[in-house]
Amino acid sequence: MAPNPMVGAVLVYNERIIGEGWHQKFGEAHAEVNCIASVKEKDRGLISQAVLYVSLEPCVHFGKTPPCTDLIIKNEIPKVFIGCRDPFKEVNGKGIEKLKEAGVEVELADRLLEYECRNLNKRFFTFHSAQRPFIILKWAQTSDGKIAAAAGERLLISNEYTNRLVHKWRSEEAAILVGTNTALSDNPDLTTRLWTGPSPTRMVIDMDLKLPASLKIFNREVKTIIFNSMKQEEQENLIYYKLKKTSTLIPQLLTALFQLRIQSIIVEGGAKLLQSFIDEGLWDEMRIINNYKLTVENGLDAPKPENAVLVETQELYTDIIETFVPVAPEY
């Protein structure tokens with residue numbers, strides 16, 4: 001699906017659904033095309049009398065497929081109900097305008113339905129509106145608020161069920177990010193080996209290129225980006241992307257990710273990296289795994305959420321997962 005948004009369309013005649021479809025794969029037919037194509041032969045004559053409901057503004061430009069507005073106009077569909085406008089600069093109101101100019105009646109969803117349509121594609125909307133990826137911060141902490149044990153000690157906080165869920169989360173995002181210390185101390189795979197689904201692009205911040213090539217993230221099995229201050233080059237499945245040490249790291253990093261067309265990231269770095277995103281106010285979702293049966297002495301303090309609203313709580317045996325969003329989310 002990505003980088004395209006998730007879109008669904010339904011064609012209704014006299015309160016009866018005669019066609020439905022959704023955008024199934026990037027580069028293939030859009031929702032409107034699949035919807036109209038799904039209408040049975042006996043109902044084809046009703047298309048010009050039906051109402052089209054679509055969750056996102058129909059496209060008006062030639063990309064990998066022709067404009068959906070042209071298809072709607074060609075089929076003489078008299079009315080289109082649109083869930084929300086498309087923030088992509090090639091569309092963004094142009095599809096609505098073209099339909100109206102062709103005599104099609106266009107109606108936009110009310111605020112509640114618009115929020116649901118936008119929330120469905122919050123990654124897509126954030127990427128095109130804020131020109132940065134949708135950012136998920138994730139960490140596990142003990143009952144006394146520690147993210148790690150004393151230096152040199154490995155601490156397993158979340159249980160095996162939560163670990164599997166985390167791998168599911170990874171499969172849903174474009175990329176995963178860690179810092180130098182996490183890569184060095186944990187030597188993580190950063191893959192979805194516990195879940196069926198694609199592994200995200202692995203990303204690590206290693207400004208001085210001091211991480212050894214023996215680490216798992218350098219095994220070339222998954223596309224990996226190393227953000228650093230020393231070189232810009234691409235090898236087999238390894239991309240070295242140069243950043244400036246003199247600039248604020250997080251905004252600079254997000255600009256790079258926008259240029260790389262990465263729509264979403266899950267940050268699984270250490271406390272310092274996570275807190276950097278929080279301090280900059282650059283995050284969209286926070287998933288905190290709490291093990292309320294585990295305590296640790298002299299451990300590393302977990303990040304401190306700021307301007308966060310709890311929206312969901314989930315319990316998985318010893319773990320309670322809390323999901324937060326910013327007080328005023330951007331999407």
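How many salt bridges does the structure hold?

Modeller: This is a predicted model. The structure holds 17 salt bridges. Side chains of opposite charge can pair when their charged atoms come close.

Start with Arg-123 and Glu-173. They form a salt bridge, with 2.7 Å between the closest N and O atoms. Arg-123 sits in helix H5 (residues 122-130), and Glu-173 sits in the loop between H6 and strand S8 (175-178), so this pair ties together parts that are 50 residues apart in sequence. Both Arg-123 and Glu-173 are buried.

Next comes Asp-301 with Lys-146. Their closest N and O atoms are 2.5 Å apart, and they too form a salt bridge. Asp-301 belongs to strand S15 and Lys-146 to strand S7, so the pair ties together parts that are 155 residues apart in sequence. Asp-301 has 41% relative accessibility, so it counts as partly exposed. Lys-146 has 16%, so it counts as buried; the cut-off for buried is under 20% relative accessible area.

Lys-231 and Glu-233 also meet in a salt bridge, at 3.6 Å from N to O. Lys-231 counts as partly exposed because its relative accessibility is 26%. Glu-233 counts as partly exposed as well, at 34%. Finally, a network of salt bridges links Arg-16, Lys-42 and Asp-43.

Now the largest pocket. It holds about 1,600 Å³ of space. Its lining has 49 residues, and the closest to the centre are Thr-182, Asp-186, Glu-268, Gly-269 and Gly-270. By class, the lining has 22 nonpolar, 15 polar and twelve charged residues. Several elements each supply at least two lining residues, among them strand S6 (134-142), strand S7 (146-148) and helix H6 (160-171). Helix H7 (180-186), helix H8 (249-259) and helix H9 (271-280) are also in that group. H7 gives the largest share, five residues.

Take the helices of that group in turn. The loop between H7 and strand S9 (201-205) contains Leu-190. Leu-190 is not a glycine, yet its phi is positive, about 60°. Most residues other than glycine have a negative phi, and most peptide bonds are trans. With 3% relative accessibility, Leu-190 counts as buried.

In H8, the buried residues include Ile-250, Leu-253, Leu-254 and Leu-257. Gln-252 and Ala-256 are buried there too. An α-helix has 3.6 residues a turn, so residues three or four places apart point the same way. Just after H8, Arg-261 has a positive phi of about 65°.

H9 has buried residues of its own: Ala-271, Leu-273, Leu-274, Gln-275, Phe-277 and Ile-278. Gly-281 follows H9, and its phi is positive, near 70°.

Two surface details remain. Asn-307 lies in the loop between strand S15 (300-301) and strand S16 (308-316). S15 is also the strand that holds Asp-301. Asn-307 is not a glycine, but it has a positive phi of about 50°. At 61% relative accessibility, Asn-307 counts as exposed.

The other detail is a nonpolar patch on the surface. Val-309, Val-311 and Val-327 form it, and together they have about 250 Å² of accessible area. Val-327 lies in the segment after strand S17 (319-326). Val-327 counts as exposed, at 57% relative accessibility.

Terms used. Residues numbered from 1 in each chain as written. Predicted model: local features only at pLDDT ≥ 70, side-chain atom pairs only at ≥ 80, totals over all residues. Heavy atoms only, no water. 1 Å grid on protein atoms, 1.4 Å probe; cavity = no way out; pocket = protein on both sides within 12 Å on 5 of 7 lines; lining within 4 Å. Points joined across faces, edges and corners; volume = space filled by probe spheres on them. Helix = DSSP H or I, 4+ residues; strand = E, 2+ residues; numbered from the N terminus. Nonpolar A, V, L, I, M, F, W, Y, C, P; charged D, E, K, R; others polar. Patch = residues over 30% accessible without salt bridge, like charges linked within 9 Å, V, L, I, M, F, W, Y side chains within 5 Å. Areas by Shrake-Rupley, 256 points an atom, 1.4 Å probe, with all protein chains shown as cover. Salt bridge = Lys/Arg side-chain N within 4 Å of Asp/Glu carboxyl O. Buried < 20%, exposed > 50% of the residue type's maximum accessible area, 1.4 Å probe, protein only.
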